[in-house]
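I opened this entry to keep a record of what I looked up, contact by contact and residue by residue. The notes are in the order in which I went through the model.

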Amino acid sequence: MAGPGTVFFLSDYGVVDEFVGVVHAVIARLAPDARVIDLGHGVEPFDVGAGAAMLERAVDHLGPGVVLAVVDPGVGGSRRAVALEVAAADGPRFFVGPDNGLLVGAAARRGGVVGAVELARPSVPSTFDGRDVLGPVAAALAGDRPLGSLGTAIEGSSLVRLAASPLADAGSLGHPALVSEVGWVDRFGNVQLVARPDDLADVFGPAEGLGPLTVRVLGPPGGRPTEQAAPSALSIRSVHAFAELAPGELGLLVDANGHLAIVLQEASAAARLAVRRGSQIEVAGATDRPLPPGPPGYDPR
Amino acid sequence: MAGPGTVFFLSDYGVVDEFVGVVHAVIARLAPDARVIDLGHGVEPFDVGAGAAMLERAVDHLGPGVVLAVVDPGVGGSRRAVALEVAAADGPRFFVGPDNGLLVGAAARRGGVVGAVELARPSVPSTFDGRDVLGPVAAALAGDRPLGSLGTAIEGSSLVRLAASPLADAGSLGHPALVSEVGWVDRFGNVQLVARPDDLADVFGPAEGLGPLTVRVLGPPGGRPTEQAAPSALSIRSVHAFAELAPGELGLLVDANGHLAIVLQEASAAARLAVRRGSQIEVAGATDRPLPPGPPGYDPR
Amino acid sequence: MAGPGTVFFLSDYGVVDEFVGVVHAVIARLAPDARVIDLGHGVEPFDVGAGAAMLERAVDHLGPGVVLAVVDPGVGGSRRAVALEVAAADGPRFFVGPDNGLLVGAAARRGGVVGAVELARPSVPSTFDGRDVLGPVAAALAGDRPLGSLGTAIEGSSLVRLAASPLADAGSLGHPALVSEVGWVDRFGNVQLVARPDDLADVFGPAEGLGPLTVRVLGPPGGRPTEQAAPSALSIRSVHAFAELAPGELGLLVDANGHLAIVLQEASAAARLAVRRGSQIEVAGATDRPLPPGPPGYDPR
């Protein structure tokens, strides 16, 4: 474990085609002693924001190594390919990918960018930079090649950043509320909000004192909150674990990434609310309006 | 290969999110020399029985190491997390997972449980015990930490067991028949029954003497066999290999796990019969009732 | 890296069941020092041609090792299982799989077959030769067992070959045109043709001189080109990279495998054209017939 040695690989390549396997083979050929750990390849095609969010969720749990991330709708075009070095010493030290905002959020979690190079473009544009440019650079870094030898130094401040998903202004709703985008819907249908517990506390005070809450879907991805379009509010309860919930009861908990999440026990909250990544969600007090009855067998008191 | 060294990892995490990758990263960080082999992560969410069946099918083919299995609807609740040691010396020696019946069937195939500990609960309930509790314990065992140091000893007899899927009593059907649940439908649409060849022999005598057979779907998952609801019986032939079958001809064979399976050649028997895991299937003699004609080009004689 | 050491594994096993994981475990048990790299397991069930095409796309990027490929509708039947040695010294030296045409195209890319053995059949037919026959042989080769010790020598010329997908005769269409099958639709909806740039140059001359082009779907998989059934021709532009395309504009480029591919920027060309693997595509000049208007915001001049 002298060098970084491990490549952590994330992409929107999916697992049906051979893209991921070929990148593994290329890295093995160039750095036979490196290990490749797949963080996940199920990012929706071209969804840079979803890839960045996945990487941010994962990055604090990684050991020493190199992150290789490829969600790259601009492949072959004028976007830069980059390799970054971060400040934190106890996790992955290098990040390789397109300069489209995919890497910088995770790099910020690791102390921020302390070095950056732009990678040379291939003489003929490729449609598969993971194989032809980014994978080989990750292999070189895993094999202890110095960052500076892999490209032209650039300023970290020049890197493309994604717009944050700010919490919406809930003032126009006419009652105290947290309004947040859905940042992630996982396989189980758990609905992770961009918001964190502090954001909820800003509206309602500390979690211990939370009264009955409601949840309401304000709009689809990309839409704007509107009072008219909103479906009925549903009762939701602040809990610590799935197991506290009755069948069919919506729960609001702090999930394993420190975000607020809307969940059901052994069922999909995303299907129940008909939301997906980017949907606008309102969490408000239950006392502000009457609520429809809860599911059978569930007493909301 | 002094210690177990290898972690065999099975879950219902799917391959779209980063759950599996993060557990790999955590194990690599804690046990850098361990290898992780993914047995499969496509278990239907929360289906403990399906996960247990997958593990039972796989376990006899594994070398030394640690099985990490996570299908865990009770995560964060009162269910125990456990690590088990089994008697057999020539395969995986340790099994780590929730105490919900996921592990015990496979452990029984490996000589039974000879040691068990309950793992300490995290101080704050987690929604991701694979990352925070179970993965780290699997890494510790792969790194040769003694089982007893990882938790509080418990009796193997206290472990939660799944109800077996007994063969249904076919007596009420009025003719000799084997009635079995579907235990697994694989990617190719092969329909594996819970029943094994011995169960068939109990009804019809040895396979060599099997006359023409029929297959009929008695009911959906969770339903009860009923004569009325049953669709027409279809002709099926006992074979040794897919290649013996004519196009469209249903075959009954002993599959690679030693179970009876209903198959088609290069097509999905599950789609043809409209069954899934848990469906009730009847296999009976063809002489008891007239049969509808077979598929075109297939002569059932 | 004395022996081959690495097994490159491709199949139609999918990633939902445990097939892939069990083969990994079997290889690890038999060859503890071997590494297994998954090239991909998402080949459509039983589609030997798709598996062969995937292997041909990947094979030039692999280092030393053994290719294990399993797309095997004839498993358990009379088809032979084989292990092949190829001439090229700088990539995988051995190929293991069924003798159904899956391997020979890729082997030809690696200098052709210079040695071949037929593997012994199991005494009882198996439905899972990847676990019981092919995986163990790949492990033996990865562990430096000599090819000749693993089966009975056979002539390379006796191996089953797939029929090529020849370019269709476009003469009956009444205008200069390239007619090609779709060889692959990838996750992003890029439509890879069997045809390569030389085939286009044979019809239209060098790419630099290409005038406006059109694309038209002549028929579904397995169908024959017909002028009547054809939908309207769509405008398409020869480009070097996705980034040159306007939103909604169809592009024709040389992809990362050296094939012609029909693409959209950040969208699925396969969905737009309603094609899949095997569909018949015509590429012709735009001057031969009037074209419908392009997408909004796209000026085809």
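What follows are my entries on interfaces, salt bridges and backbone angles.

**Ground rules.** I am working with a predicted model, in which local features need pLDDT of at least 70 and side-chain atom pairs count only at pLDDT 80 or more, while totals for chains, interfaces and linings use all residues. Residues are numbered from 1 along each chain as its sequence is written, chains are lettered from A and ligands numbered from 1 in the order in which they are written, and side-chain values use heavy atoms, with hydrogens and water left out.

**Chain C against chain B.** I began with the contact list (heavy atoms within 4.5 Å), where 30 residues of chain C meet 33 residues of chain B. For the extent I took the buried area, meaning the accessible area (1.4 Å probe) that two parts lose on being put together, summed over both. For chain C and chain B this comes to about 2600 Å², with 60% of it on carbon and sulfur atoms.

I then searched this interface for salt bridges, each defined as a side-chain nitrogen of Lys or Arg within 4 Å of a carboxyl oxygen of Asp or Glu. The rule finds one between chain C and chain B, and the pair is Arg57(B) with Glu18(C), whose closest N and O atoms are 2.6 Å apart. Residue pairs in polar contact, both at pLDDT 80 or more, number twelve between chain C and chain B; a polar contact here is a pair of N or O atoms within 3.5 Å, where within protein one must be able to donate a hydrogen and the other to accept it, and residues adjacent in sequence count only if both atoms are side-chain atoms.

Which element gives the most to the side of chain C that touches chain B? I found that helix H1 (residues 19-30) of chain C does, with eight residues; helices (H or I, at least four residues) and strands (E, at least two) are DSSP runs numbered from the N terminus. Sorted by class, that side of chain C has 17 nonpolar, eight polar and five charged residues. In this sorting Ala, Val, Leu, Ile, Met, Phe, Trp, Tyr, Cys and Pro count as nonpolar, Asp, Glu, Lys and Arg as charged, and the others, Gly among them, as polar.

**Chain B against chain A.** I repeated the search here and found 30 residues from chain B and 32 residues from chain A in the contact. Together chain B and chain A bury about 2600 Å², 60% of it on carbon and sulfur atoms. Of the area that chain B buries against chain A, Glu18(B), Arg29(B) and Thr127(B) supply 24%, more than any other three residues. The rule finds one salt bridge across this interface, in which the side chains of Arg57(A) and Glu18(B) meet at 2.6 Å, N to O. I also noted that helix H1 (residues 19-30) of chain B gives the most to the side of chain B that touches chain A, with eight residues.

**Salt bridges within chains.** Over all chains the count comes to 39 salt bridges. I looked at burial for several of them, taking buried as under 20% relative accessible area, exposed as over 50% and partly exposed as in between (1.4 Å probe, protein chains only).

- Asp72(C) pairs with Arg79(C), the closest N and O atoms being 2.6 Å apart; Asp72(C) is buried at 10%, and Arg79(C) is buried at 15%.
- Arg131(C) and Asp132(C) meet at 2.7 Å, N to O; Arg131(C) is buried at 7%, whereas Asp132(C) is partly exposed at 35%.
- Arg237(C) and Glu249(C) meet at 2.6 Å, N to O. Arg237(C) lies in strand E11 (residues 234-238) of chain C and Glu249(C) in the loop between E11 and strand E12 (251-254), so the pair ties together parts that are twelve residues apart in sequence. Arg237(C) is partly exposed at 33%, and Glu249(C) is buried at 2%.
- In chain A, a network of salt bridges links Asp60(A), Asp90(A), Arg109(A) and Arg110(A).

**Backbone angles.** Most residues other than glycine have a negative phi. Glu266(A), although not a glycine, has a positive phi of about 55°; Glu266(A) sits in the loop between strand E13 (260-263) and helix H6 (269-273) of chain A and is partly exposed at 44%. For Glu266(B) I noted a positive phi near 55°, with 45% relative accessibility, which counts as partly exposed.
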